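Student: I have a model open and would like to learn how to read its features one by one. Could we go through it together?

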Amino acid sequence: MAAISFFGDLLQTISDRGRDLIGIGRGDLASRANAQELIKLCEDLISRRGEASGVALARLILERYSSLAKPERLVFLQGIATVFGADHEAVDEAIAAYRRDPTRAALGVLHEAAEPRSQELIRRLNLARNGTLALVRMREDLFALRKALRGDEADHVLVDAVDSLDSDFEHLFASWFNRGFLVLRHIDWTTPAHILEKIIRYEAVHEIAGWDELRRRIEPSDRRCFAFFHPALQDEPLIFVEVALTGGIAPAIAPILAHERELLPTRAATTAIFYSISNCQKGLAGVTFGNFLIKQVVEDLAREIPSLKTFVTLSPVPGFSAWLDRERRSDAPQGLTRDDIEALRAIDEPGWHADKARADAVKKALIPAAAAYFLRAKNERGKPLDPVARFHLGNGARLERLNFLGDVSSKGLAQSRGLMVNYLYDLSAIEKNHETYANLGTVAASSNVSRELKANLPPIRAVALAEA
């Protein structure tokens with residue numbers, strides 16, 4: 001980290017000296033407080049060849065951008081999307097040259113010509129100190145712009161330009177944040193407080209109410225937390241996972257998060273349960289971290305604690321409730337029988353889960369419905385509807401158990417009617433499961449899950465068409 005700090009200080013020195021070269025001081029930029037003037041500075045940035053002046057100008061642009069009001073930032077991004085495209089004449093010339101002489105060199109010229117100028121702009125902005133984090137935050141604004149442009153009267157040319165700009169960010173971030181640059185760090189009670197505060201803030205699955213609760217999750221010897229960091233974002237976790245070391249596969253989250261529980265000696269642990277995985281940087285959406293994180297944590301834990309034999313998740317099912325409600329309203333349900341629909345009326349009544357008779361009746365219909373949801377219901381790409389399922393199955397995990405009333409918190413009941421699932425990471429089968437899922441869309445599932453699927457459902461083809 002000391003080397004990184006030195007490099008940052010060096011960039012700062014270059015930037016300060018570069019201000020003299022470009023003739024712009026801090027106060028001078030105050031008069032350029034709108035998006036159009038900032039776009040002009042961006043044109044200046046990508047036309048410069050001097051390193052010092054480029055670093056200084058990149059820093060000034062990012063400083064000014066951060067000071068703009070949100071609407072003005074969106075105007076700026078819209079301008080970058082429309083103005084900083086590829087040079088179409090250069091592309092046409094490069095295509096003609098390649099057709100005349102289809103060599104690798106000619107293809108390289110074509111590739112360079114086809115690249116939007118916005119990619120070079122993003123690279124140059126990244127020269128500024130803390131430029132990477134500023135660009136991640138800029139992409140968060142871009143998401144807001146994309147959402148605002150959607151609608152019945154959308155300008156499709158503008159929408160395509162903004163989507164293309166987002167693809168430029170994602171393409172460059174995928175290179176800048178590839179696995180080779182990521183650093184895995186163990187988060188414990190000795191971790192600096194400003195990073196622990198971010199763990200509390202970024203937790204996206206099971207809210208951390210405060211410092212005492214955080215301590216219960218990371219300090220005991222039967223609990224672990226790991227996070228990926230990047231050298232350019234030293235104190236900003238990218239993604240983190242919380243792990244419970246237990247004596248078996250847990251079917252519910254409450255015992256894991258309980259304030260009062262019996263501490264399990266490390267030597268008695270046979271199972272590592274990944275019960276919360278949180279992405280921390282919205283601006284890095286689409287850049288894959290989680291698969292690397294889980295696999296490295298599995299390897300590290302197996303090496304540290306030889307008694308661990310089972311590695312599973314205890315995962316939420318965020319799309320299940322919405323799917324179940326659609327099925328119940330449908331004239332031609334794909335994953336429920338008419339008897340199931342009748343039995344599931346009980347879930348509309350407050351407190352149904354606390355009444356044993358009603359809960360037992362619901363379970364008989366809900367668990368088979370969950371099996372249909374995971375094994376049959378597909379999106380337009382032929383993948384499972386549930387985003388968490390796509391993540392773990394794509395990593396090579398197996399759908400191991402369906403846990404009725406695994407999460408009876410208000411959030412758990414709202415998003416999944418209390419359902420939670422276990423995905424098993426079997427080190428001997430991960431690669432096979434991943435290949436069959438990636439190539440054939442096959443959902444690896446245990447016999448316990450497969451047996452829950454009812455035989456009298458419509459053909460599976462109808463499910464795919466209904467969700468396309």
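Student: Among contacts between residues at least 6 apart in sequence, what share joins residues at least 24 apart?
Tutor: Contact here means heavy atoms within 4.5 Å. In the protein chain, 73% of those contacts join residues at least 24 apart. Keep in mind that this is a predicted model, where local features need pLDDT of at least 70, side-chain atom pairs count only at pLDDT 80 or more, and totals for chains, interfaces and linings use all residues. Residues are numbered from 1 along each chain as its sequence is written, and side-chain values use heavy atoms, with hydrogens and water left out.

Student: How many helices and strands does the protein chain have?
Tutor: Both are DSSP runs numbered from the N terminus: helices are H or I with at least four residues, strands are E with at least two. The protein chain has 21 helices and seven strands. Its C-alpha atoms fill a box of roughly 75 × 50 × 45 Å along the principal axes.

Student: What percentage of the residues count as buried?
Tutor: Buried means under 20% relative accessible area, exposed over 50%, and partly exposed in between, with a 1.4 Å probe and protein chains only. Of the 468 residues in the protein chain, 49% count as buried.

Student: Which residues have the most contacts inside the largest nonpolar core?
Tutor: In soluble globular proteins, nonpolar side chains tend to be buried together. A nonpolar core is a set of buried Ala, Val, Leu, Ile, Met, Phe, Trp, Tyr and Cys residues joined through side-chain atoms within 4.5 Å. The largest one has 107 residues, and Phe 76, Phe 177, Phe 374 and Leu 402 have the most contacts inside it. Helix 16 (residues 356-375) gives the most to this core, with twelve residues. Apart from it lies another core of 14 residues, including Leu 196 and Phe 229.

Student: Where does Met 138 lie, and what does it touch?
Tutor: Met 138 lies in helix 8 and is buried, at a relative accessible area of 3%. Not counting residues up to four places away in sequence, Met 138 touches Leu 62, Tyr 65, Phe 76, Leu 77 and Phe 169.

Student: At what angle do helix 8 and helix 9 pack?
Tutor: Axes are lines fitted to C-alpha atoms, for helices over the stretch in contact, and angles run from 0 to 180 degrees between N-to-C directions. Helix 8 and helix 9 (residues 156-176) pack at about 155°, with axes 10 Å apart. They are therefore roughly antiparallel to each other; angles under 35 degrees count as roughly parallel, over 145 as roughly antiparallel, 65 to 115 as roughly perpendicular and the rest as oblique. Met 138 of helix 8 and Phe 169 of helix 9 are among the residues that meet.

Student: Which residues have a positive phi without being glycine?
Tutor: Asn 130 is one, with phi of about 60°, in the loop between helix 7 (117-125) and helix 8 (131-149). Arg 417 is another, with phi near 55°, in the loop between helix 18 (410-416) and strand 7 (420-424).

Student: Is each of them buried or exposed?
Tutor: Asn 130 is exposed, with a relative accessible area of 55%, whereas Arg 417 counts as buried at 13% relative accessibility.
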